[in-house]
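Q: I am new to this one and would like a short walk through it. Could we look at it together?
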Amino acid sequence: MDIAIDTSKSRYQVDKNGYYGRFGGAYIPEMLFPNVDELQRKYMEVLSDPTFQQEFEALLRDYVGRPSPLYFAKRLSEKYKAKIFLKREDLNHTGAHKVNNTIGQILLAKRLGKTRIIAETGAGQHGVATATVCALMGMECVVYMGSIDIERQAPNVSRMKMLGATVVAATSGSQTLKDATNEAIRDWINNPVDTHYILGTAAGPHPYPDMVARLQSVISEEIRKQLLEKTGSELPDYVVACIGGGSNAAGAFFHYLDDEEVKLVAVEAGGKGVHSGHSAATTQLGKIGIIHAAKTLLMQTEDGQITEPYSISAGLDYPGIGPMHAHLYETGRAMFLDATDDEALAAAYELCKLEGIIPAMESAHALAKLKDLPFNPDDVVVVCLSGRGDKDLNTYIRHMNK
Amino acid sequence: MQNRIDQLFAAKQTGVLNIYCTAGYPELNDTLPVMTALQQHGADLIELGVPFSDPLADGPVIQDSGTRALKNGMSLHKLFEQLEGFRERIHVPVILMGYFNPVLVYGVEAFVKKCAEVGVDGVILPDLPKAEYEAEYKTIFEKYNVSLVFLVTPETSDERIHQLDNLSKGFLYAVSSSSTTGKDKDMSHQQAYFERLQQLKLKNPVLIGFGIKDKATFDTACRYTNGAIIGTAFIKALGEGKDIDSTVRTFIGAIKN
């Protein structure tokens, strides 16, 4: 497997100082230095270790159900006049790509001798994936979740509790994902020795963006093999993924970054419209700054206060993007589009009717841009279907008759 | 001209009392009245907090004071407006404590220059890492003679403490325990760490912060180092007190007597 592949020659991957171009780094208070420094020194050594890779691979296969299928969506292809494949991360155990990362990080935490796990969650998918691997490994698990999200994502809160996790309400600030992440970081400051923080997205201080991208890179590693079998070439014309912090996009893009002929498309949450004041389209609305210890693009006031984004999808409701993506945006390597709430809802209903698949609200944002991309009939398009829509049923039902 | 922090430590090596207050708290225009009262009632140094939406190193009390200050309309620009001319009244050293993002957005050089212009002596930016400071910003701070104060914790290795001490200007901020502010961890277990700091023969004076809340904890800290920093306990008192002057007088009186 290729999670420890040497990327030092790539201009799109992290450099030895933890930066992607001018983005990245580890803007941490000194209290976090020992933990982050330990991760920086050891993560590649652990990821390269054959026994780690064997264990990771075995769990992905037997527990998560990988490889996830690459499904040729025939009716969707007919409609959009291109060859559209769906990478079915929705079929993973726990219902999304998030579990790829939590499996990898819990194995890493064990090797570092940690006994207690903390995590942040927005919609609850990463929280559930973390609670799941903690149950699997018999580790204590504390998940921070904004108190507003706890109310609107009640089923996932119950799932985490059933799995044995303690769910702690983040009551500071705006009481959503950004604040849950702050609380998780504060917990880590207060528990510097026994605790590992399983960050859920390709953001945060170095080495998290690279570590999470590598653990998610199984997505594009599989796509290459599966496409070769199905089309005779490993390279599609387009890879399309939704992006909040950017972990599924990082995984879907990872092994294509240096194949410049493959067009990478990242779809942000436009909310009620990019300029409506209710949006999470960070590349359009943000500027450079520091969020959760990474230098990246983020939405903020002129005074440098981080602002609250909006999206119908709790998983894309984040005021920053991971530093790798900020670099892909700035270099033009990836194309950044946005899909509004309404476009995403329409795309979700369409996938249900054309293919019999209920996508997660997040993944529906990626599907929503199929109508806007200038496909040729022979173009091969891979859409990362990052999660399934069970958790979004209430939202879907509420909007169905509008 | 010698930096006011250096002047302070040249004149006073023990029992230095540094009090933290949040700019624009409890009310927008309380910044200067609080600082004036702190000087009058015996604070040796004032650490002025610049409020930020996402203060990662702070516990709930200081977080809430920052949230309130932001609601009051506080910003870095506003703060520099308030500080215009404050040196006519206040002569104790003043340090701004804030997070790096607002400074980055303001422009690091513009910020440091402005600090020097209004008479701010030092800055604490807990999330500005050592490597970035050395590579990009050290020359700016030196150019304007503004001190950047670094933090160390009980988990910091001796080697790294020496590195941070060499970079730090004014004093070295020793965080008493690995925690966010106002956590109330038991300081009695920190004796070995405090003794280690004493034995390292550091070039800077050392002040202990985090968990210092009353006379007993202040005195403990002062036995090992040059003094201590009180934040959360003072913010609590300000939030509960009636008028600023008597709150500050009572608070400092209880620490010093």
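Predicted model: local features only at pLDDT ≥ 70, side-chain atom pairs only at ≥ 80, totals over all residues.

A: A place to begin is α3(B), which is followed by B:G73, a residue whose phi is positive, near 105 degrees.

Q: How many residues does helix α3 of chain B have, and how far does it reach?
A: Helix α3 of chain B covers residues 60-72, which is 13 residues. From its first C-alpha to its last it reaches 18 Å, close to the 18 Å expected at 1.5 Å a residue.

Q: Which residues of α3(B) are buried?
A: The buried ones are B:I62, B:Q63, B:S65, B:G66 and B:A69. They lie on the same side of α3(B) because they cover an arc of only 165 degrees around the axis.

Q: And what do the buried residues of α3(B) pack against?
A: They pack against β1 (16-22), β2 (45-49) and α11 (232-240) of chain B.

Q: Changing topic: how many residues does the contact take from chain A and from chain B?
A: Chain A gives 26 residues and chain B gives 31 residues. On the side of chain A that touches chain B, the largest share comes from α8(A), with 6 residues. By class, that side of chain A has 13 nonpolar, 9 polar and 4 charged residues.

Q: What domains does the assignment give for chain A?
A: It gives domain 1 (27-61 + 98-211) and domain 2 (65-95 + 216-400). The centres of these two domains of chain A, taken over C-alpha atoms, are separated by 22 Å.

Q: How many residues of domain 1 of chain A are in contact with domain 2?
A: In chain A, 32 residues of domain 1 are in contact with 31 residues of domain 2.

Methods:
Residues numbered from 1 in each chain as written. Chains lettered and ligands numbered in written order. Helix = DSSP H or I, 4+ residues; strand = E, 2+ residues; numbered from the N terminus. Expected span 1.5 Å × (residues − 1). Buried ≥ 20, exposed ≤ 12 C-beta atoms within 10 Å, placed from the backbone. Arc of directions from axis to C-beta. Contact = placed C-beta atoms within 7 Å. Nonpolar A, V, L, I, M, F, W, Y, C, P; charged D, E, K, R; others polar. Domains from an automatic or database assignment.
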